[in-house]
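Trainee: I would like to learn how to read a model like this one. Can we go through it feature by feature?

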Amino acid sequence: MTRTLTYHLSNTSLEIPLTVKGFLKSKDYSTQNLKIIKQLPDGILLNGAPAHMNARLNSGDILTVQIKEEVSSENIVPVKLPLNIVYEDEDLLVVNKPAGMPIHPSQNNYDNTLANALAYYFQQKGVSFVFRCIGRLDRDTSGLTVIAKHFVSAGILGDLVAAKTQQTRCQSSTPKDPWSPLPQSFTREYHAIVRGTVTPSSGTITAPLGRKPGSIIERWVDYENGEPAVTHYRVLEEKNGYSLVSLILGTGRTHQIRIHMKYIGYPLVGDYLYNPSEEASSLSRQALHSHRLSFPHPMTGEPLEFVAPLPDDMQNLLI
């Protein structure tokens with residue numbers, strides 16, 4: 001995989017004197033990204049010639065960054081599987097993942113994952129591919145997720161996700177509307193279905209989460225040793241004895257929505273792990289769907305937003 005980025009520098013892009021390194025840091029390239037790039041042949045070109053990271057930039061200069069990766073993820077077998085790509089460009093993909101598909105290979109899930117599907121997709125294109133998923137979804141959670149195509153876009157998107165948790169920790173007691181995210185933030189809106197009438201119909205759940213003793217999978221609310229966790233929710237619709245709930249994560253802990261909704265008395269329909277005593281339903285997995293993603297493009301800063309409609313198995317509960 002080769003990605004070439006060209007920056008035409010002007011007075012507005014150089015409001016203060018900058019080096020190559022300083023300019024790229026202003027574009028959110030990480031120190032590790034720059035370390036890799038400067039070791040690549042022709043990784044940094046200034047006006048067509050190789051340049052050091054400390055070279056000074058002037059208005060009218062043309063800075064070229066060449067990102068090259070010639071290896072693919074080891075131990076990921078290319079497998080032809082259904083793959084619903086919602087968006088793709090040179091830096092990332094957005095995929096609508098079906099329920100039942102794990103994100104990456106693990107024990108007993110060696111060849112049935114999103115990683116396997118993408119390995120096959122890029123193999124057919126004759127392009128090397130390192131699997132980098134941003135904001136992973138549980139196996140039985142459907143919906144949108146982002147795949148970075150190279151280490152620079154992965155680093156920038158990963159920093160956006162990490163910054164969301166940091167912003168939440170520093171947030172004032174009266175946060176802005178979480179459904180209207182800041183332009184430079186990574187926001188994922190989930191839709192979930194629970195039984196009954198949720199009371200109150202909107203709110204913020206603040207309860208720290210940690211690993212449940214004796215289990216390698218389960219988490220629980222743990223006020224002594226847990227990590228901070230914040231979930232915003234509001235009811236969108238109530239029908240047939242179910243409530244459709246929109247949720248925005250303030251932090252990204254494992255199983256956060258599933259545990260927080262159980263904590264306030266409304267566990268997700270179909271959640272065999274956190275709601276095992278639930279009455280039988282037509283749903284064979286937890287009723288959780290990654291409905292909307294919004295974030296700035298990692299290389300251009302352009303705002304992006306994607307929406308995936310509620311899948312049929314969840315929609316059928318509300319008909």
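Trainee: Which element gives the most to the lining of the second largest pocket?
Mentor: Helix 4 does, with 4 residues. Keep in mind that this is a predicted model.

Trainee: What is the make-up of that lining by class?
Mentor: The lining of the second largest pocket has 8 nonpolar, 6 polar and 3 charged residues. The pocket holds about 380 Å³ of space. It is lined by 17 residues, and Lys 27, Asp 28, Ile 156, His 297 and Pro 298 are the closest to its centre. Strand 1 and helix 4 are the elements that give two or more residues to this lining.

Trainee: Now the largest pocket. What is its volume?
Mentor: The volume is about 1200 Å³. Its lining takes in 37 residues. Nearest the centre are Arg 136, Leu 137, Asp 138, Thr 254 and His 255.

Trainee: Which elements supply at least two residues of the lining of the largest pocket?
Mentor: Helix 4, strand 9 (187-195) and helix 5 (256-263) each do. Helix 4 gives the most here, with 4 residues. By class, the lining of the largest pocket splits into 14 nonpolar, 14 polar and 9 charged residues.

Trainee: What about the loop between helix 5 and strand 15: is Tyr 274 buried or exposed?
Mentor: Tyr 274 lies in that loop, and strand 15 spans 288-296. Its relative accessible area is 4%, so Tyr 274 is buried.

Trainee: Which residues does Tyr 274 touch?
Mentor: Leave out residues up to four places away in sequence. Tyr 274 then touches Ile 217, Glu 218, Arg 219, His 255, Arg 258, Ile 259, Lys 262 and Pro 267. Among them, Arg 258 and Ile 259 are buried residues of helix 5. For the C-alpha distance, take Leu 288: Tyr 274 is 14 residues from it in sequence and 13 Å from it in space.

Trainee: How should I read a nonpolar core?
Mentor: Start with the general idea. In soluble globular proteins, nonpolar side chains tend to be buried together. Now this case. The largest nonpolar core has 23 residues, and Tyr 7, Phe 23, Leu 24, Tyr 29 and Val 65 have the most contacts inside it. Elements that each supply at least two of the core residues include strand 1 (2-8), helix 1 (20-26), helix 2 (31-38) and strand 2 (44-46). Strand 4 (62-68) and helix 4 (151-169) do too.

Trainee: Which residues does Leu 24 touch?
Mentor: Again, residues up to four places away in sequence are not counted. Leu 24 touches Tyr 7, Tyr 29, Leu 34, Ile 44, Leu 63 and Val 65.

Trainee: Which residues of helix 2 are buried?
Mentor: Asn 33, Leu 34 and Ile 37. They cover an arc of only 95° around the axis, so they sit on the same side of helix 2.

Trainee: Backbone next. Which residues other than glycine have a positive phi?
Mentor: Asp 42 is one of them, with phi near 55°. Asp 42 sits in the loop between helix 2 and strand 2. It is partly exposed, at 41% relative accessible area. Asn 47 is another, also with phi near 55°. Asn 47 sits in the loop between strand 2 and strand 3 (49-50). Its relative accessible area is 47%, so Asn 47 is partly exposed.

Trainee: Which residues does the cis peptide bond join?
Mentor: It joins Thr 199 and Pro 200, with omega about -5°. Pro 200 lies in the loop between strand 9 and strand 10 (202-206).

Trainee: And where does Pro 98 lie?
Mentor: In the loop between strand 6 (92-97) and helix 3 (114-125). Pro 98 counts as partly exposed, at 39% relative accessibility. Beyond its neighbours within four places in sequence, Pro 98 is in contact with Arg 139, Thr 141 and Ser 142. Look at His 289 as well: it is 191 residues from Pro 98 along the chain, yet their C-alpha atoms are separated by 9.3 Å.

How values were computed: Residues numbered from 1 in each chain as written. Predicted model: local features only at pLDDT ≥ 70, side-chain atom pairs only at ≥ 80, totals over all residues. Heavy atoms only, no water. Core = buried A, V, L, I, M, F, W, Y, C linked by side-chain atoms within 4.5 Å. Buried < 20%, exposed > 50% of the residue type's maximum accessible area, 1.4 Å probe, protein only. Contact = heavy atoms within 4.5 Å. Arc of directions from axis to C-beta. 1 Å grid on protein atoms, 1.4 Å probe; cavity = no way out; pocket = protein on both sides within 12 Å on 5 of 7 lines; lining within 4 Å. Points joined across faces, edges and corners; volume = space filled by probe spheres on them. Nonpolar A, V, L, I, M, F, W, Y, C, P; charged D, E, K, R; others polar.
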